[in-house]
Amino acid sequence: MRLATAANEAYTASLAVSELLGCKQCGGGRGQDQELGIRIPRPLGHGPSRFIPEKEILHVGSEGAQMHTLFADAFAALGRLDNITLVMVFHPQYLESFLKTQHYLLQMDGPLPLHYRHYIGIMAAARHQCSYLVNLHVNDFLHVGGDPKWLDGLENAPQKLQNLGELNKVLAHRPWLITKEHIEGLLKAEEHSWSLAELVHAVVLLTHYHSLASFTFGCGISPEIQCDGGHTFRPPSVSHYCICDITNGNHSVGEVQANSAGSVSVSDSFFEVEALMEKMRQLQECRDEEEASQEEMASRFEIEKRESMLVFSSDDEEATPAREISRHFEDTSYGYKDFSRHGMHVPTFRVQDYCWEDHGYSLVNRLYPDVGQLIDEKFHIAYNLTYNTMAMHKDVDTSMLRRAIWNYIHCMFGIRYDDYDYGEINQLLDRSFKVYIKTVVCTPEKVTKRMYDSFWRQFKHSEKVHVNLLLIEARMQAELLYALRAITRYMT
């Protein structure tokens with residue numbers, strides 16, 4: 001298999017490096033005591049994630065057959081095994097769909113040339129100051145022959161890409177403001193105009209990377225050791241440090257022990273899980289006994305929408321983006337504002353009038369064949385993914401909780417499902433969880449480890465990663481709904 005061969009070649013190369021340098025802990029190389037005088041960088045972070053302990057994340061070389069195939073596919077497609085992949089592998093079914101979609105968007109036949117695709121990824125990630133993704137795609141952009149001058153600032157890119165800046169800005173921060181006039185401006189820009197197929201490709205890329213920035217910050221993804229911000233030469237150097245650990249991004253034994261010792265007991269959060277289980281049981285009983293009227297359901301949506309505007313982080317401070325990031329987008333002061341703040345009334349987006357399944361999916365698939373199918377599969381996997389567990393409990397139906405998370409995100413974006421009782425959200429999602437959700441989805445650059453640690457304290461890290469998958473797919477679908485509805489209105 002070609003993919004496996006590529007991964008095996010990389011693995012063989014890493015073994016050769018290990019033998020050259022001499023691995024003191026695993027016994028490889030030139031001898032136990034020989035020093036080569038080579039200054040080896042140490043990882044600056046704590047493995048693939050700043051939020052999840054290294055010991056909880058699957059290490060390369062210890063994976064099973066299914067995981068090995070996934071890693072091989074990722075390596076063959078990307079030319080690397082990045083930390084996003086190492087965290088997403090908590091959920092192999094989703095990761096497989098994600099990698100397949102991203103590979104198609106970036107490398108397979110499509111309306112946009114390859115260097116445009118990576119540049120749009122840079123533009124999208126920069127809106128959220130996500131240096132991790134920006135740096136990855138700067139390298140990819142150059143690798144596929146992109147003009148280095150474009151990287152000096154958006155003003156040096158072709159006018160056609162500059163024109164996309166407004167849509168990128170609104171889509172990232174206030175997608176409900178997108179109108180058919182935004183679409184018309186791009187499609188009728190004379191010699192710099194976009195075709196419908198190109199625009200759909202660009203919109204999918206923008207929403208993909210806005211959402212992936214949310215995952216990157218929401219899971220505390222660390223830069224790889226070879227990337228900017230991912231390493232240090234600070235002492236102590238490589239004593240007690242196995243060269244094989246560079247491949248896995250691990251710390252020295254001493255650091256792992258120090259990190260483990262510093263973990264905080266959360267046994268008291270056991271009662272939070274029990275209370276959540278009880279609320280789920282009570283809500284199911286209420287559903288079985290009576291159903292609220294349409295008027296009551298509409299009222300509960302409006303209440304939840306207003307309350308979502310009152311959820312904000314105590315760490316809510318504006319961070320000035322660094323020059324190497326801000327040069328890739330315009331209007332750095334433009335950011336997230338709540339759906340109906342300052343007297344502005346934006347009509348509710350009713351899914352019954354325009355939804356992904358009946359409208360968005362077919363539009364994307366018609367203008368950019370097969371992508372609609374790939375995205376749809378990814379949405380469904382994230383939404384329906386379950387292992388029927390909840391913290392320490394097994395055989396639990398978590399569908400009610402998953403739907404509350406998904407619909408809360410769409411509620412923040414002004415999107416309403418007529419058949420959903422929004423009163424359930426306040427029963428199932430506590431304030432600390434709502435703060436985390438809103439921050440990850442709306443202002444991901446402000447996510448902190450404290451926020452990550454403060455919600456669902458008794459839950460496994462794999463369950464929190466699953467939450468992040470729900471958040472990024474619900475966000476991507478919300479952005480797509482507004483953009484595709486505007487395209488549809490332009491076309492009709």
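The structure is a predicted model, in which local features need pLDDT of at least 70, side-chain atom pairs count only at pLDDT 80 or more, and totals for chains, interfaces and linings use all residues. Residues are numbered from 1 along each chain as its sequence is written, and side-chain values use heavy atoms, leaving out hydrogens and water.

Let's start with the whole chain. Its 22 helices and six strands are DSSP runs (helices: H or I, at least four residues; strands: E, at least two), numbered from the N terminus. Of its 492 residues, 52% count as buried, meaning under 20% relative accessible area, with exposed over 50% and partly exposed in between (1.4 Å probe, protein chains only). Among contacts (heavy atoms within 4.5 Å) with a separation of 6 or more, 77% join residues 24 or more positions apart.

Here are the two residues side by side.

| Residue | Relative accessible area | State |
|---|---|---|
| V441 | 1% | buried |
| D152 | 45% | partly exposed |

V441 belongs to helix α20, which covers residues 431–442. Leaving aside residues up to four places away in sequence, V441 touches S214, I409, M412, F413, L471 and R475.

D152, in turn, lies in the loop linking α6 (131–143) to α7 (159–163).
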